[in-house]
Amino acid sequence: MGRMESPILPLSYFYYKRGWQLNPVIEKHTPRLMVLPVFIVLLIFSLVPLIYVLGIGFTDSTIAKPFNDLIWFENYKNAFRDEILGVSLFNTLLFAFTVTTIQTFLGFVLALAMQRERFLGGILRTLALLPLFTPPVAVAMIWRLIYDPNSGLINYYLLKFGLSSRPVAFLGDKLLAFPSIMIADIWQWTPFCFILSLAALQSLPKEPYEAAQVDGASSWYVFRRLTLPMVAPQVIVIFLFRFLIALKVFDLVYMLTFGGPGNSTQVVSFYIYRIGFKQFQTGYAGSLSILVLIFISVIALVITKGRELLLKRIE
């Protein structure tokens, strides 16, 4: 006979074995009491900083003088007149939408290609995930060396094959700097979309495919009529999740261009960092943080509603 699993016993059982009595109210709310410490920790590390940032947003605070003078909504008025903030928001949305679209597409294509790979599937999946496991600072340093105009790999081949007459300063050119950061981000985060897309494809039921095979359906028909409609909800969730992460881009901009040249690679998270920790205007930085939080929340809500409408059309 196989080994029987021990049943999950209520907390009152252990109290009974020791001759104790457990209050019925406590017994009823035991699951909630178990998660209460974690909830308190999350509350401290999320709600308290949010209240602090909201508070200093109404003041003319600096790092030297926290909670200086109460100026109410003056910081928010200045934010709506801040041209650099507008550029930063535009760059952030452009960056997030572009890299997320490319990463989701590439990840899905790679997942389709490796879905039925048996012999080298495990090795290829491990290699594909290496960029995702690489620390962001290391990723930035790798691509900084690749883009280097004097000893970079790209410039070496451009000059070797006569594609350029002189070295190209990818990170110093206003037109090339932002696409260069996007390429680095795509290299790092495509494995994230790949592994989630692969999991979504492998979770699909096999019965519809077996029926289609019996009916003699073509591969394109199976993909268009079976695979794509069934996997679309998961792919949309992957896109939404990655898009929200991409809106917070900071490390690549900080390490590669520091927001330059000019404001061509200025993103909103890096701009808030500059206001708060370079210009020491913590009050203004706090108000910008609250505005960006509201802005991203509205975007997430719009995308979620769009996802629901799209899924209804697919169904």
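The questions and answers below go through a predicted model, from its overall make-up to single side chains.

Biologist: How many helices and strands does the protein have?
Modeller: Helices (H or I, at least four residues) and strands (E, at least two) are DSSP runs, numbered from the N terminus. From that end, the elements run α-α-α-α-α-α-α-α-α-α-α-α-α-α. The count is 14 helices and zero strands.

Biologist: What percentage of the residues of the protein count as buried?
Modeller: Buried means under 20% relative accessible area, exposed over 50%, and partly exposed in between (1.4 Å probe, protein chains only). Of the 315 residues, the buried part is 33%.

Biologist: Which side chains meet in a salt bridge?
Modeller: A salt bridge is a side-chain nitrogen of Lys or Arg within 4 Å of a carboxyl oxygen of Asp or Glu. The whole structure holds one salt bridge. Its N to O distance is 2.8 Å, and its partners are R242 and D185.

Biologist: Which helices does the pair of R242 and D185 tie together?
Modeller: The side chains of R242 and D185 form a salt bridge. The two residues are 57 apart in sequence, so the pair ties together helix α11 (residues 219-246), which holds R242, and helix α9 (residues 177-202), which holds D185.

Biologist: Which residues is T100 in contact with, leaving aside neighbours within four places in sequence?
Modeller: T100 lies in helix α5 (residues 83-114) and is buried at 0% relative accessibility. Contact means heavy atoms within 4.5 Å. With those neighbours left aside, the contacts of T100 are F239, R242, F243 and A246.

Biologist: How many aromatic pairs are there, and what is the class of the pair F73 and Y76?
Modeller: Rings of Phe, Tyr and Trp (its six-membered ring) pair if their centres lie within 6.5 Å; planes under 30 degrees apart count as stacked, over 60 as edge-to-face and the rest as tilted. The count is 25 aromatic pairs. F73 and Y76 lie 6.2 Å centre to centre with 55° between the planes, and the pair is tilted.

Notes:
Residues are numbered from 1 along each chain as its sequence is written. This is a predicted model: local features need pLDDT of at least 70, side-chain atom pairs count only at pLDDT 80 or more; totals for chains, interfaces and linings use all residues. Side-chain values use heavy atoms; hydrogens and water are left out.
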